[in-house]
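I am keeping a notebook on this structure. The entries below follow the order in which I looked things up.

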Amino acid sequence: MTTYVLTVTCKSTRGIVAAISGFLAGMGCNIVDSSQFDDLGSGKFFMRVSFISEEGKTEQELAEGLKPISEKFEMDIELYSQASRMKVLLMVSRFGHCLNDLLYRWKIGALPIDIVGVVSNHFDYQKVVVNHDIPFHHIPVTKENKPQAEAKIMDIVDSTGAELVVLARYMQVLSDKMCEQMSGKIINIHHSFLPSFKGANPYKQAYQRGVKLIGATAHYVTADLDEGPIIEQDTVRITHAQSPEDYVSLGRDVEAQVLARAIHAHIHHRVFLNGSRTVVFPPSPGSYASERMG
């Protein structure tokens, strides 16, 4: 028996849930988990259903059977097999805490993805990556060669079939062109002090101002720097007794956890773009433990 995930986005109207559930029952499928959200503000409907094909229906048979429903309700509809792993390209500069965390989660199976390569504008983590039998691509970036560097990155995306790019503390700003080409397929992580504390040492600035919460934000990358649709956030409380170094250490921990959870949500098709925001459904049964590791 094969487990599938069905995602649906369309205009809100009556009969959608009945149509989907009735179709699946008629095809000999058993629904394992179902989430839905009716956005009264935008008038859009979002739904994610995971189900088992108990009668062995193929992905093609299910997709063909869904077409009449999709046309009737004018749906954007996608069908995924849980057996397939998403191909992911990681990018990093000189802060390696997120990269190392993702490699560990991937190695122990807590993050079920295929890492097709790691791109960096420095050599700091070449040995770490190669020791994991993952291709390492050094692509230096300067003001003069930025278009050529991004062209090389896109060549890697195309040649590896990467479906998601993760900026695991990659400290280069991507061009508007690349952001548009990869819309909804690039996830970034950063501290949540923005826009208050900008620059090279935001944690020191936060310490000097007596900040009591350190946070991290994972979001899709858009042409608006650090303002893309947010997928996941978290915070950790600190006190006056902690040093600037403590701030940095705690910040690294929360960044790594938030990024891992955002990737987990994306690869399991739980994230829906809703204008400048996202709809993020909760984890399916059996996936929550792996998502919360760390």
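Is Asp234 buried, exposed or partly exposed? I looked it up and found Asp234 partly exposed, with a relative accessible area of 27%. Buried means under 20% relative accessible area, exposed means over 50%, and partly exposed lies in between, with a 1.4 Å probe and protein chains only.

I noted the ground rules next. The model is predicted, so I take local features at pLDDT of at least 70 and side-chain atom pairs only at pLDDT 80 or more, while totals for chains, interfaces and linings use all residues. Residues are numbered from 1 along each chain as its sequence is written, and side-chain values use heavy atoms, with hydrogens and water left out.

**Entry: the partner of Asp234**

I looked for the salt bridge of Asp234 and found Arg261, with the closest N and O atoms 2.8 Å apart. A salt bridge here is a side-chain nitrogen of Lys or Arg within 4 Å of a carboxyl oxygen of Asp or Glu. Arg261 lies in helix 8 (residues 244-267) and Asp234 in strand 11, so the pair ties together parts that are 27 residues apart in sequence. Helices (H or I, at least four residues) and strands (E, at least two) are DSSP runs, numbered from the N terminus. Glu232 belongs here too: salt bridges that share partners join Glu232, Asp234 and Arg261 into one network. I checked Arg261 for accessibility, and Arg261 is buried, at 5% relative accessible area.

**Entry: other salt bridges**

How many salt bridges are there by this rule? I get a count of eight. Side chains of opposite charge can pair when their charged atoms come close.

I looked at Glu64, which forms a salt bridge with Lys67, the closest N and O atoms being 3.1 Å apart. Both sit in helix 2 (residues 59-73), and because they are three residues apart, about one helical turn separates them. Glu64 is partly exposed at 43% relative accessibility, and Lys67 is partly exposed at 42%.

I then looked at Arg94, whose salt bridge is with Asp124, with 3.3 Å between the closest N and O atoms. This pair links distant parts of the chain, 30 residues apart: Arg94 is in the loop between strand 5 and helix 3, and Asp124 is in the loop between strand 6 and helix 4. Arg94 counts as exposed at 52% relative accessibility, whereas Asp124 counts as partly exposed at 41%.

**Entry: the sheet**

In what order do the seven strands of the open sheet come? I wrote down 7-6-5-8-9-10-11, with mixed pairing. Two strands pair if DSSP finds at least two bridges between them. The edge strands are strand 7 and strand 11 (230-237), each pairing on one side only. The twist averages 20° from one strand to the next. Axes are lines fitted to C-alpha atoms, for helices over the stretch in contact, and angles run from 0 to 180 degrees between N-to-C directions.

**Entry: strand 6**

Why is strand 6 largely enclosed by the rest of the structure? Seven of the eight residues of strand 6 (residues 113-120) are buried, so the rest of the structure largely encloses this strand.

On one side I found strand 5 (residues 86-92), which runs parallel to strand 6 and is joined to it by seven bridges. Met91 has Val119 in strand 6 as its bridge partner. From strand 5 the chain crosses through helix 3 (residues 97-108) to strand 6, and this β-α-β crossover is right-handed. Right-handed means that, with the strands pointing away from the viewer, the path from the first strand over the helix to the second runs clockwise.

I also looked up strand 7 (residues 136-138), which is parallel to strand 6 and joined to it by three bridges. The bridge partner of Val118 in strand 7 is Phe136. Helix 4 (residues 126-131) carries the chain from strand 6 to strand 7, in a right-handed β-α-β crossover.

**Entry: two phi values**

Most residues other than glycine have a negative phi, and most peptide bonds are trans. I found a positive phi, near 60°, at Asp133. Asp133 is in the loop between helix 4 and strand 7 and counts as exposed at 73% relative accessibility. Asp226 also has a positive phi, near 55°. Asp226 lies in the loop between strand 10 (213-220) and strand 11 and is partly exposed, at 30% relative accessible area.
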